[in-house]
Amino acid sequence: VSQSRYPAVKDLFHDTAVKQFAEVDSSDFVTEPVGKWIDSGIELIEKYRTDVAPKVQPDKIEQKLEVKFKGIDYGITGTVDLIDKFGTIIDHKTSSKDVTKVNPDYQRQVSAYHVLAQANNNKVRGARIDYLIRRSKDNFVPRTRHFNVHTDVKEFLTTLQNVGDAITKGVFIQRRDSPLCTKRYCQFWEVCEKKYGGTVKP
């Protein structure tokens, strides 16, 4: 983002964030007010502009991709944050804590982007995740972390097929370790508790 366009980018982020946060349950912000989240986002934009953007030569940005597979009723869709001119898939993440390694779920996500990109005639020569770490009580200044990611297309496609086969057979395996496995986010939590036992988090 050029210096001349930077104020417009900040204004766009601010206005978009205000609209989107207005649709979010206020209990999601019990620890910090919305304004602080927005200020933090603007600070990360500045960090990205100064530390990351000058080193990136983008080719495709926010590319929404889809692929369907022969002989099965499901496919995958996703929006790839960025593919640079060298064929590197770059995924952006934010965190309030310092990051020392890539979450395996994120690695699988980038593997999905690899499948999507190749199926849509993009040459993929690598992948990485760029973390923007916001200021917090543990991080006095915003920072960035970059991790090259090994994409395992075979493992992803095998997992996708296994999940698809299970859905076709009506087999749904609970993921109680998932942050989305809560009564708030899953409308099937009562069915899940009754069928599989245990307790779903509030």
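**Reading aromatic pairs and charges over rings**

Modeller: This model is predicted, and the count comes to two aromatic pairs. Local features need pLDDT of at least 70 and side-chain atom pairs pLDDT 80 or more, while totals for chains, interfaces and linings use all residues. Residues are numbered from 1 along each chain as its sequence is written, and side-chain values use heavy atoms, without hydrogens and water.

Biologist: What makes two rings an aromatic pair?

Modeller: Rings of Phe, Tyr and Trp (its six-membered ring) pair if their centres lie within 6.5 Å. Planes under 30 degrees apart are stacked, over 60 edge-to-face, and the rest tilted. Here Y106 and Y131 make a tilted pair, 6.5 Å centre to centre with 50° between the planes.

Biologist: Which parts does that pair tie together?

Modeller: Y106 is in helix α3 (residues 104-119) and Y131 in strand β4 (residues 126-133), so the pair ties together parts 25 residues apart in sequence. Helices (H or I, at least four residues) and strands (E, at least two) are DSSP runs, numbered from the N terminus.

Biologist: Is Y131 buried or exposed?

Modeller: Buried means under 20% relative accessible area, exposed over 50%, partly exposed in between (1.4 Å probe, protein chains only). Y131, at 4%, counts as buried. Y106, at 29%, counts as partly exposed.

Biologist: Which pair do Y131 and F147 form?

Modeller: An edge-to-face one: 5.8 Å centre to centre, 90° between the planes. F147 lies in strand β5 (residues 143-148), 16 residues from Y131. F147 is buried too, like Y131. Y106, Y131 and F147 form one aromatic cluster.

Biologist: Where does the charged end of K93 sit?

Modeller: A charge sits over a ring if NZ of Lys or CZ of Arg is within 6 Å of the ring centre and within 35 degrees of the ring normal. The charged end of K93 is over the ring of Y106, 4.2 Å from its centre.
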